Amino acid sequence: MNIFKEMFFSVAGVKHYPDYLKNKTGKVVLYVTVLILIYFAIANLRTIPATMDVVSELREAVMLFPDFELHAGKLQMEESFYYTEDGVQIMMESEFGSYLREVPEAEWRDILYDKDLVFVADETTVLIKNDGDINLYDYPDDFEISRAWVYEKIDYIYLIMVVFLLFSYLFSLAGYLLGAVFVALVGMIMCSFMNQKLTFGQLYLLSLYAKTLPLLIKGLLKLVNYSFFGYSVLAFAVACLYMGFAIHHMDLMDKENNRVDGPVIF
């Protein structure tokens, strides 16, 4: 049975769970790896394209700015830049020298009272208004930046995104494997009540399959950007329910030669 059929039967055919105990360790690892990849693809189906659109819009926004260079604590520009829309104001100019420090903060508050976000840069200073706070900062002497430099560095956002996705995948994988431990522990309690004998390794293997449906549902919830309190508990309960039905199908006590002794023992 291939891993995609196993995913289907992990959700819709609990009676197939005893067959999973015959799987080699490599196949189990492949199953979990592919399952997490599918979950990851579903969960980020909107996030990744949205991030790429943001990067594209950021490129266009940078090119709207005039060519500028910040060198030795001074801003140099060939022409001034002014933008205002929906409570946002951006102004960059160096031809008038340094004037931001000459205006009292109270006067700036009166001038910018109707703006939510403001960025004003003169030759040596930048003024930023955000959440009602107005702050002035002088450019550091050892800081150098230009429009061309910013445009080049935008591509690093893709690299950052790839690294972030990689770590997120590994984190999801680790969480899945760790969660299976607790489902297996519950399985041991179930075995004691059902008088069935399974090793912890076998129960752990079954728990990796039992957590399939909760994980896929989690991916769909992330896709539609919906969450609710207590889902982790509900997902754990569903996985334990699958584990209980799986153990129920294992009639290990009928005949000694029909005992399910899988090769995967931890």
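## A charge over a ring

A charge sits over a ring if NZ of Lys or CZ of Arg is within 6 Å of the ring centre and within 35 degrees of the ring normal. Here K211 lies over the face of Y176, at 4.9 Å from the ring centre.

Before we go on, a word on the model: it is predicted, so local features need pLDDT of at least 70 and side-chain atom pairs count only at pLDDT 80 or more, while totals for chains, interfaces and linings use all residues. Residues are numbered from 1 along each chain as its sequence is written, and side-chain values use heavy atoms, with hydrogens and water left out.

## Aromatic pairs

The structure holds six aromatic pairs (rings of Phe, Tyr and Trp, the last by its six-membered ring, with centres within 6.5 Å; planes under 30 degrees apart are stacked, over 60 edge-to-face, the rest tilted). One of them joins F8 and F9 edge-to-face, at 5.3 Å centre to centre and 70° between the planes. F8 is exposed, with a relative accessible area of 53%, and F9 is partly exposed at 22% (buried means under 20%, exposed over 50%, partly exposed in between, with a 1.4 Å probe and protein chains only).

The rings of Y17 and Y20 form a tilted pair, because their centres are 5.2 Å apart and their planes stand at 50°. These two tyrosines are three residues apart in helix α2 (residues 17-20), so about one helical turn separates Y17 from Y20. Helices here are DSSP runs of H or I with at least four residues, numbered from the N terminus. Both Y17 and Y20 are buried, and together with Y31 and Y209 they form one aromatic cluster.

## Nonpolar cores

A nonpolar core is a set of buried Ala, Val, Leu, Ile, Met, Phe, Trp, Tyr and Cys residues joined through side-chain atoms within 4.5 Å. The largest one has 41 residues, and Y17 and L198 touch the most other members. Elements giving two or more residues to this core are α1 (3-12), α2, α3 (25-43), α7 (156-194), α8 (200-210) and α10 (231-248). The largest share, ten residues, comes from α7.

A second, separate core of eleven residues includes L75, F81, Y139 and I145.

## How α7 meets α10

The axes of α7 and α10 come within 9 Å and cross at roughly 40° (axes are lines fitted to C-alpha atoms, for helices over the stretch in contact, with angles from 0 to 180 degrees between N-to-C directions). That angle makes α7 oblique to α10 (under 35 degrees is roughly parallel, over 145 roughly antiparallel, 65 to 115 roughly perpendicular, and the rest oblique).
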